[in-house]
Amino acid sequence: MSNKVTFGLKNVHYAIATPTEDDTWDFGTPKKLHGAQELSAEVIAGKTDVYADDKIVATLASSSGSNITLKLTELDDDFKVDILGFARDSNDNLVEIVNHRTKTFALGYEIQGDVKSRRIWYFLCTASPVSDATKTKAESIEPNAVSITITARPIEVGNVSVIRTIAKFGDTNYQQFFAQVPTLPVIGV
């Protein structure tokens, strides 16, 4: 039975992705990102109608990834160092390095549903630099939030390109989904 509704956001993780010499990817051990408030993913896609004989004879559609916005209460220092190119100086201060190499990572998270929870891994992600914003306290305190803009692109698996994998509660890999490195799907077995 499928969900009729989904809700919630928790168990956000990331795992560093490293390209190998044979054009595959190695994924590191997942690390948890705390304070997830909101996630939205917009497909990067295009559609072209092909006209002939005064009518549409075909529609060509393509998808080249997703633009993801992840909103957190605060951005973890490990993520800043691992992914955003920050470094620690001799005083253990965080230093933002502007000419760092872009790091690729997998992004995972969990959503609930009226029937079954789902866990998702996007395999090849890059994050844009994060802007700072804060405000003064007034009669009431409003907490700050940080939004990360992430681009997820496809990864080759055999003869197909995939962008993410989704496990639902009850699948054989569900319980260990974030405890181990992301595993590429085996398709057509």
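Analyst: Before we talk charge, Lys and Arg count as positive here, Asp and Glu as negative, and His and the chain ends are left out. On that basis this predicted model has 19 positive and 24 negative side chains in the protein chain, and the centres of the two sets lie 7 Å apart.

User: Okay, what does the overall fold look like, and what pattern does the chain follow?

Analyst: The protein chain comes to 1 helix and 13 strands. Along the sequence they run β-β-β-β-β-α-β-β-β-β-β-β-β-β. The C-alpha trace spans about 65 × 50 × 45 Å along its principal axes. Of the 189 residues, 31% count as buried, and the chain exposes about 12,200 Å², with carbon and sulfur atoms supplying 48% of it.

User: How many of the contacts with a separation of 6 or more come from residues 24 or more positions apart?

Analyst: That share is 62%.

User: On to the aromatics. How many pairs turn up, and what makes tyrosine 109 and tyrosine 122 a stacked one?

Analyst: The whole structure gives 8 aromatic pairs. For tyrosine 109 and tyrosine 122, the ring centres are 6.4 Å apart and the planes sit at 20°. The cut-offs are centres within 6.5 Å for a pair and planes under 30 degrees apart for stacking, so these two rings pass on both counts. The pair also links distant parts of the chain, with tyrosine 109 in strand β8 (residues 104-113) and tyrosine 122 in strand β9 (residues 118-127), 13 residues apart. Both tyrosine 109 and tyrosine 122 are buried.

User: And why is the pair of tryptophan 121 and phenylalanine 177 called tilted?

Analyst: Its planes are at 40°, with 6.5 Å centre to centre. Stacked needs under 30 degrees and edge-to-face needs over 60, so 40° falls in the rest, which is tilted. Tryptophan 121 is in strand β9, while phenylalanine 177 belongs to the segment after β13 (164-168), 56 residues apart.

User: Are those two buried or exposed, and how do you know?

Analyst: Tryptophan 121 has a relative accessible area of 1%, and phenylalanine 177 has 6%. Buried means under 20%, so tryptophan 121 makes it, and so does phenylalanine 177.

User: Which residues form an aromatic cluster?

Analyst: Tyr14, Phe79 and Phe105 form one.

User: What makes you say that a charge sits over the ring of tyrosine 174?

Analyst: The charged end of arginine 119 sits over that ring, 4.1 Å from its centre. The distance limit is 6 Å, so 4.1 Å is within it. Lysine 80 also lies over a ring face, that of phenylalanine 86, at 5.9 Å from the ring centre. That value is within the 6 Å limit too.

User: Why does glutamine 112 count as buried?

Analyst: Its relative accessibility is 16%, and the cut-off is under 20%, so glutamine 112 is buried. The residue is in strand β8. Leaving out residues up to four places away in sequence, glutamine 112 touches Val5, Thr6, Phe7, Gly8, Leu9, Lys10 and Ser117.

User: What about the backbone: what is phi of asparagine 11, and what is phi of aspartate 23?

Analyst: Phi of asparagine 11 is near 55°, and phi of aspartate 23 is near 65°. Each is a positive value in a residue other than glycine. Asparagine 11 is in strand β1, whereas aspartate 23 is in the loop between β1 and β2 (25-27).

User: Buried or exposed: how do you class asparagine 11 and aspartate 23?

Analyst: Asparagine 11 is at 19% relative accessibility, under the 20% cut-off, so buried is the call. Aspartate 23 has a relative accessible area of 72%, over 50%, and therefore counts as exposed.

Key: Residues numbered from 1 in each chain as written. Predicted model: local features only at pLDDT ≥ 70, side-chain atom pairs only at ≥ 80, totals over all residues. Heavy atoms only, no water. Helix = DSSP H or I, 4+ residues; strand = E, 2+ residues; numbered from the N terminus. Buried < 20%, exposed > 50% of the residue type's maximum accessible area, 1.4 Å probe, protein only. Contact = heavy atoms within 4.5 Å. Areas by Shrake-Rupley, 256 points an atom, 1.4 Å probe, with all protein chains shown as cover. Charge placed at Lys NZ, Arg CZ, Asp CG, Glu CD. Phe/Tyr/Trp six-rings, centres within 6.5 Å; stacked < 30°, edge-to-face > 60°. Lys NZ or Arg CZ within 6 Å of the ring centre and 35° of its normal.
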